[in-house]
Amino acid sequence: MSDNETKKRILIVEDEPDIVRGLTDALEFENLDVTSTSQGGDAVRIMKSGGADCVILDLMLPDMNGYQVCEEIRAFDALVPIIMLTARGQESDKIRGLDAGADDYVTKPFSVGELIARINAIFRRLRRSEPDELVRIGSADVNLKKHTVYSSHTNKEELLSFYEVELLRLLYERKAEPVSRDEILTKIWGIDAHPSNRTVDNFIVKLRKKLEDDQKEPKHILTVYGLGYKLVP
Ligand code: CA
């Protein structure tokens, strides 16, 4: 990152001082501007005043749980990337976190290197500035820049989250060709392997909900068995 570029700001929401200290040091070393709080209520207030470009959110906080914090932030900011910290082996926590609007999660105890790789992947993609990118998928008009999807089937406009847009963009760039889960993880999440191989699948479910006329019989975001997915606009 060049010096004249504004530093990206990260908010850490976590009440374990050792984790906060370790993460703050590592992220500041990456030239990121780090703010932290142990309180969910504070986190919501900070984000209301536009206080960070990315949030690392622990699930267990003294005043609120991470799902509530996530939902409250999502009520006024649909786009800021939120990475949730979850306990080991709690697959249901992860799914619930993604449902609450988190973009990604890492499992405690986590490797700081892996978390940084994911944050860097987010910021690499956020830095790309592009004109409005309008694509039509079935009965849905998507603006990849504004993160909106308007469906003429339901006559509804919805917002797409950060990873939903990135996943859709990748599939669209490669339309009519199958793209493997491994390639999606490497290109979008910035990692070779994910603790859960259902990450990509979870985001596909969310995209289908917003783009397909009938999500149970998808006609545009197709599963390629044993490999990955393919977009047919
Ligand atoms: Ca905690």
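**Aspartate 58**

I looked up the side chain of aspartate 58 and found that it reaches the backbone nitrogen of methionine 60 at 3.5 Å. I count as a polar contact a pair of N or O atoms within 3.5 Å; within protein, one must be able to donate a hydrogen and the other to accept it, and residues adjacent in sequence count only if both atoms are side-chain atoms.

I worked on a predicted model, in which local features need pLDDT of at least 70, side-chain atom pairs count only at pLDDT 80 or more, and totals for chains, interfaces and linings use all residues. Residues are numbered from 1 along each chain as its sequence is written, and side-chain values use heavy atoms, with hydrogens and water left out.

Aspartate 58 lies in strand E3; helices (H or I, at least four residues) and strands (E, at least two) are DSSP runs, numbered from the N terminus. I found aspartate 58 buried, with a relative accessible area of 2%. Here buried means under 20% relative accessible area, exposed over 50%, and partly exposed in between (1.4 Å probe, protein chains only). Leaving out residues up to four places away in sequence, I listed the residues that aspartate 58 touches, among them Val13, Glu14, Leu85 and Lys108; contact means heavy atoms within 4.5 Å.

**Calcium ion**

Which residues coordinate the calcium ion? I recorded Glu14 (OE), Asp15 (OD), Asp58 (OD) and Met60 (O), at 2.1 to 2.9 Å. Donors are N, O and S atoms within 2.8 Å of the metal (3.2 Å for Na, K and Ca); water is not among the atoms, so sites may look incomplete. The donor residues follow the sequence spacing E-D-x42-D-x1-M. I noted glutamate 14 as buried, at 2% relative accessible area, and aspartate 15 as partly exposed, at 32%.

**Strands and crossover**

I then turned to strand E1 (residues 9-13), where 4 of 5 residues are buried. E1 pairs with E3 (residues 54-58) in the parallel sense over 4 bridges, and isoleucine 12 has isoleucine 56 as its bridge partner in E3. Two strands pair if DSSP finds at least two bridges between them. E1 also pairs in the parallel sense with E2 (residues 33-37), over 5 bridges. From E1 the chain passes through helix H1 (residues 17-29) to E2, in a right-handed β-α-β crossover: with the strands pointing away from the viewer, the path from the first strand over the helix to the second runs clockwise.

**Helix H1**

I listed the buried residues of H1 as Ile19, Val20, Leu23, Thr24, Ala26 and Leu27. After H1 comes asparagine 31, whose phi is positive, near 70°.
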